[in-house]
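Please look over the structure shown here. The paragraphs that follow walk through some of its parts.

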Amino acid sequence: MSFVFYDTETTGTNVAFDQILQLAAIKTDSDLLELDRFEIRSRLLSYIVPSPDAMQVTGLTVDILTNPQLPSHYAMARAIYEKFRSWRPAIFIGYNSLSFDEHLLRQTLYQTLHGAYLTNTNGNCRADALRFMQAAAIFAPGTLSIPLDENGNSVFKLDKLAPANGFNHASAHDALGDAEATLHLCRLVFERAPELWSSLVQFTQKAAVVDFVSNEPLFSVTDFFANRAYSWGVTFIGQSPEIASDLLVFDLCHDPVEFASLPDEDLLARLNQLPKPVRRVRSNAAPIIRRLEDAPSFVSTAGLPSDVLEERVRYLQENEQLRARLRTLFVQTRPPREPSAHVEEQIYEKFCSRADEDAMDRFHTITWEERLPLLQSIADDRLRKLGKRLIFIERPDLFSEAERAAMNIAIARRLSSDEDRPPWKTWGQALLEADDLLAQAIGDASVRLKQHRAYLAAQLENARQLLRS
C-alpha cells in the first residue's frame, strides 16, 4: 500500500473554527520511496480571524493571507479532495495529525460539502507519526536520537526531533518542509527498526486491530499523555455500545472477581477511579498494541504471575454478564457531548445519508447558478447551512442585495462581539493577543505583528461601521 505524508499550516489551533492556509503532501510506495508530491495554499476566509501567534509561527503576512491570486478556500478543498482520491488506497500519516491536522482536514471537507472521512474510508487508513516516534523510543531504543528539555524530559516536537536526527529543518512550520521532516523520521524507523515499523503499519488497518484483539487473550496497549508513556496489560471485552470502532479492554492489574458482585452504582464509581479498569482502543486510529510478552517493562501487569493473569482472562471470558455490564457502564463514564448550536461543531453528530452524499457529489459538477436550488433537495440541515455560506463566499452575486447585506451583517456581528464568549476568535480577542505578543517582540517579528495588528484594527472598525449603518 502507498503512504501519504502530509502537513497543514493554519490560522490557529481551534480545529472547528480555524482554517487551513497551506497543505502539502508526499506520496510514497511501501518502501517510502517518493512517487508524487502536492502543495496548495488558500487565501483567508472572510469569517475567520487569523491568530497573531499562529501567523508569527508560520511567518505569514497580511499580504499573503489576503492575496487575491491565491486559490479560494473552496478551490483548495476541491484540489485536496481530488488529489487524495487519486492517491487511494493509502495510509495517511501526519505529525500529531490525529489530534490536529486530521480534524482541520475533515472540517475543510465538511464545510465545502465533501465527504469528511476521506483518510479512513474507501480503502484508506490513517496513522500519526508522532506516536510512531514515541513507540520507537520505547520498543526500539537507539533507533532515534531523542532530544531532552531543560528538565531532562524527552522532546518529540517535530522541529526539535527532526534536526536531532539529521534533517535540515530550515523550513520548519512550512507544510511541505514539515511533511518532508515527517517522512525523514519515518524512513529512519523503517530502516533501523523494520519489525517495529511493520507492526505499527499493520495496525493502521482496522480489520487487523479487530482480529488481533479478538484472538489474543492477553496483550498490551500503550499510549502517551504529555509525552509520558503508559502501558496496560489487557484483554478484550467487546465493542463499545456507543461507537462500534471503539474496542473495550479490561486492565488485568485489576481482579475482575471483585467487580462481579458490585451493584451498578458502585461498579460505575469504580470505573471512574484511577487507574481505570476499562479502556478503549480506537480500531481506526492505529493503536499501539503488542503481545504481552513484548510489552514495555512498565506495563500495568508487571510482576503479576502468568497463571493469575490467565485466570482473570478466563473468568472474564466465561462471564458474559459482567462483560456486558462493564461495556454498558463504561459508556456512562464518558461525559455526554452537549449538542452545539454552531454548525462547525456538529460535524460528528451524525453521518450523511446516501441521498445527501449523492447530492453533495452533484453539487461540485453543476454551475454555481444551479447550486442554490440543489441545496433545497438536501435533507441534512447542516449541509444546507454550509452550502449556503459556501455559495455566498464564492458567488455573492447570486443573492439579492438584501440577502447579501444580512449575511455581511451576520459575519460582522459574529467577529466583532465578545459577548457570550464565542468559541471562535473575534477581532477583539486577536487584538489583545497581538498586544501581548508586541510587548515582547523585536526585529522582523515586531514589524510583522504591527502590520497584523493594523489589519485587525481596520477589520474591527469596518465591522462596527457596518453594524452602525
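H15 passes H16 in a left-handed crossing, a term used when the near helix is turned anticlockwise from the far one by less than a right angle. Helices are DSSP runs of H or I with at least four residues, and strands are E runs of at least two, numbered from the N terminus. This is a predicted model, in which local features need pLDDT of at least 70, side-chain atom pairs count only at pLDDT 80 or more, and totals for chains, interfaces and linings use all residues. Residues are numbered from 1 along each chain as its sequence is written, and side-chain values use heavy atoms, without hydrogens and water.

Helix H15 (residues 368-375) and helix H16 (residues 381-394) pack at about 160°, with axes 10 Å apart; axes are lines fitted to C-alpha atoms over the stretch in contact, and angles run from 0 to 180 degrees between N-to-C directions. H15 is therefore roughly antiparallel to H16 (the term for angles over 145 degrees). In the contact (heavy atoms within 4.5 Å), Trp368, Arg371, Leu372 and Leu375 of H15 meet residues of H16 including Leu383, Ile391 and Glu394.

Further along, helix H18 (residues 427-438) and helix H19 (residues 443-468) also pack at an angle of about 160°, with their axes 9 Å apart. H18 is therefore roughly antiparallel to H19. The crossing of H18 and H19 is left-handed. Among the residues making this contact are Trp427 and Leu431 of H18 and Leu449 and Tyr455 of H19.

Note on methods
Parallel < 35°, antiparallel > 145°, perpendicular 65-115°, else oblique.
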